[in-house]
Amino acid sequence: MLIAGFPAGPWGTNCYVVATGPGAECVVVDPGKDAASGVADVVREHNLKPVSILVTHGHIDHMWCVAPVAGTYDATAYIHPDDRHLLTDPMAGLSPETAGMLLGGSYEFVEPDEVAELGDGQGLELAGLRFVVDHTPGHTPGSVTFRTPYDDAAEVSEVMFSGDLLFAGSIGRTDLPGGDHPTMLRSLADRVLPLADDIVVLPGHGEQTSIGRERATNPFLLDLVNRAQAPRSAPERGL
């Protein structure tokens, strides 16, 4: 398997290009601002053909170049329906600080010609690869992760593209429009903690990590583990 990742744009958002190997079709994950040139470089270097774009969530730093990249390669974009509106109205998901950064610019966002909506637990067969979609709301209502088997090393069973759900040592913020912290914690408890320790996590920002490392060191996951292991109080009796 070939996975090429690079940080793009002012927010350092990780964009990933995934293929079975050189000379094959490929999938692009989260082409954010200024990612189009990086995608083109990877495609040219490895003689790839993008056929699909996977969007972990609709925030502008993850979807800025979805339409340009999809249009360049005639690729289909995949996004959860709860975040689809952000493809054309990304300002609806911005903080006041981020919106202020963009004031004065002339930006027009449109959907790609081909958009497919994602469902929880859905299996995708794209570019010779298999992905499982997990709906993980909290950072945004339509946040998802993508997991794919990794057959190149016995010590790694899967790779997970976690978007802004899970980072090395941290989790995604929930103070933006559509964010909800209790929902984020439920997504982590229900969709991350049950996963195998050997799964490699490729996040939307920062360095790669693993489920085992985060389970052992991430303060947010440690708190969830401790809560799950804490003995429950006996029910009160009497009047």
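Modeller: A disulfide is counted here when a pair of cysteine sulfur atoms lies within 2.5 Å. This is a predicted model, in which local features need pLDDT of at least 70 and side-chain atom pairs count only at pLDDT 80 or more, while totals for chains, interfaces and linings use all residues. Residues are numbered from 1 along each chain as its sequence is written, and side-chain values use heavy atoms, with hydrogens and water left out.

The structure holds zero disulfides. For Cys26, the closest cysteine sulfur is that of Cys15, and the 9.8 Å between them is too far for a bond. Cys15 in turn has its closest cysteine sulfur in Cys65, at 8.5 Å, which is also too far. Cys26 is buried (under 20% relative accessible area, with a 1.4 Å probe and protein chains only), its relative accessibility being 0%, and Cys15 is buried as well, at 1%.

The whole structure has one cavity of 30 Å³ or more, the volume being the space filled by probe spheres set on points joined across faces, edges and corners. Among the residues lining the largest cavity are Asn14, Tyr16, Val29 and Asp30. Strands are DSSP runs (E, at least two residues), numbered from the N terminus; β2 (13-19), β10 (158-163) and β13 (200-203) each supply at least two lining residues, and β10 gives the most, with three.

Note on methods: On a 1 Å grid over the protein atoms alone, a cavity is a set of points where a 1.4 Å probe fits but cannot get out, and a pocket is an open set with protein on both sides within 12 Å along at least five of seven lines; lining residues have an atom within 4 Å of a point. Helices (H or I, at least four residues) and strands (E, at least two) are DSSP runs, numbered from the N terminus. Buried means under 20% relative accessible area, exposed over 50%, partly exposed in between (1.4 Å probe, protein chains only).
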